[in-house]
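Look through the sequence and the fold, then read on.

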Amino acid sequence: MMIKEALSWAREELKEACERPAFEAELLLAYHLGQDRTYLLIHESESFPDVDKFQKLIQRRASHEPYEYIVGSVSFYDIHLEVEKGVLIPRPETEILIDLVAEIIEKENITNIAEIGVGSGAISIVLARKFPQLHIIATDISDMPIKVAEKNIKTFGLNQQIELRKSNLIDEVPEALELVVSNPPYIAEDFLLESNVIDYEPKEALFGGRVGDELLKQIILDVKNRGIKYLACEMGYDQKEPLQVFVNEIGVEYIKFYKDLAGFDRGFVIKFNEGKE
Ligand SMILES: C[S@@+](CC[C@H](N)C(=O)[O-])C[C@H]1O[C@@H](n2cnc3c(N)ncnc32)[C@H](O)[C@@H]1O
């Protein structure tokens, strides 16, 4: 089979599952051949090895498996991270959370923080690369994210800066902290997700409880009760109002909500009152 024939076959196969079937067909063939996409154009009339293996990759994608799990890698912020099934694929909107946290770290000269729910390590790795003086304790409740984050942290040589710890929230983190960052599971239990998400990504990374914001509220309470100054979290587009009511009840110095690039409410930064329970 020639490259151009393979691409036209793959495009047809991917029509249902992908928004950009031609593009993904090219990406997957380039990945299969260990080449970039321009190679395909120049060599379109040539045949290539292991056609059956390429066809299997396309079939996986046609069954809605995310591209990132198939190739085992994701582009995030200014880096590439390893990902595999059992770990959430980091999303572009989480880059906004990182930039907001980076502003606070810079302004307040913060050196000790924790991340709740490390996943692939995306947030902690980008922050550690930005701030070489920063020490991060990154927790996760599941083994698989800790294993994958460990690999990614090693790849970037950040073992001295990021300490991984299996923990529910920050229960196993008694150290003094100045800030906590988290992109926790925040989706409601009965929310209908697309097949590429629900059939492949880990449930523990997606669902935050029956209503969805239960874990977020617990994180707010834990961080407040520990006397930590700042908390920055991602949240669902419909959670601004209930979270505003919740923080009004418990009392904070301020909560600032932010939106994602599509204009949806997507997260918040809380500053807690110092020295108050
Ligand atoms: C939405 S993912 C975020 C992963 C990564 N930080 C990112 O932004 O791509 C949430 C992560 O929180 C972890 N998690 C869920 N419940 C937790 C809990 N109670 N304590 C600690 N981690 C938890 C999940 O295993 C998952 O890795």
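## Helix α8 and what covers it

The buried residues of α8 are covered by elements that include β2, α7, β4 and β5 (162-166). Helices (H or I, at least four residues) and strands (E, at least two) are DSSP runs, numbered from the N terminus. The buried residues in α8 are Pro145, Ile146, Val148, Ala149, Asn152 and Ile153. Buried means 20 or more other C-beta atoms within 10 Å of the residue's own; exposed means 12 or fewer, and partly exposed lies in between, with C-beta atoms placed from the backbone. An α-helix has 3.6 residues a turn, so residues three or four places apart point the same way.

α8 covers residues 143-155, 13 residues in total. From first C-alpha to last it reaches 19 Å, close to the 18 Å expected at 1.5 Å a residue. That expected span is 1.5 Å times one less than the number of residues. Just after α8, glycine 157 takes a positive phi of about 65°.

## Basis of the model

The model is predicted: local features need pLDDT of at least 70, side-chain atom pairs count only at pLDDT 80 or more, and totals for chains, interfaces and linings use all residues. Residues are numbered from 1 along each chain as its sequence is written.

## Overall layout

The protein has 277 residues, and 35% of them count as buried. Its secondary structure comes to 12 helices and 11 strands. The C-alpha trace spans about 70 × 40 × 30 Å along its principal axes.

There are two domains: domain 1 (3-63) and domain 2 (86-271). The bounds come from an automatic or database domain assignment. Taken over C-alpha atoms, the domain centres are 36 Å apart. Among contacts with a separation of 6 or more, 64% join residues 24 or more positions apart. A contact means two C-beta atoms, placed from the backbone, within 7 Å.

Serine 73 has glutamate 82 of β2 as its bridge partner.

In a regular strand the side chains alternate between the two faces of the sheet. β1 has Val74 and Phe76 on its covered face, and Ser73 and Ser75 on the uncovered one. Tyrosine 77 counts as partly exposed because it has 19 C-beta neighbours inside 10 Å.

## Two further loops

Asparagine 109 sits in the loop between α6 (94-108) and β3 (112-116). Its phi is near 50°, a positive value in a residue other than glycine. Most residues other than glycine have a negative phi. Asparagine 109 has 9 C-beta neighbours inside 10 Å, so it counts as exposed.

Aspartate 36 lies between α2 (21-33) and α3 (37-42), in the loop. Aspartate 36 is exposed, with 12 other C-beta atoms within 10 Å. Its C-alpha is 9.0 Å from that of glutamate 26, 10 residues away along the chain.

## Around the ligand

Which residues are closest to the ligand? They are Pro90, Gly117, Gly119, Asn183 and Ala205, from a shell of 22 residues.

α7 (122-130), β4 (135-140) and α10 (203-206) each supply at least two shell residues. The shell divides into 12 nonpolar, 8 polar and 2 charged residues. Ala, Val, Leu, Ile, Met, Phe, Trp, Tyr, Cys and Pro count as nonpolar; Asp, Glu, Lys and Arg as charged; the others, Gly among them, as polar.

Conventions
A residue is near a molecule or strand if its C-beta atom, placed from the backbone, lies within 6 Å of it. Two strands pair if DSSP finds at least two bridges between them.
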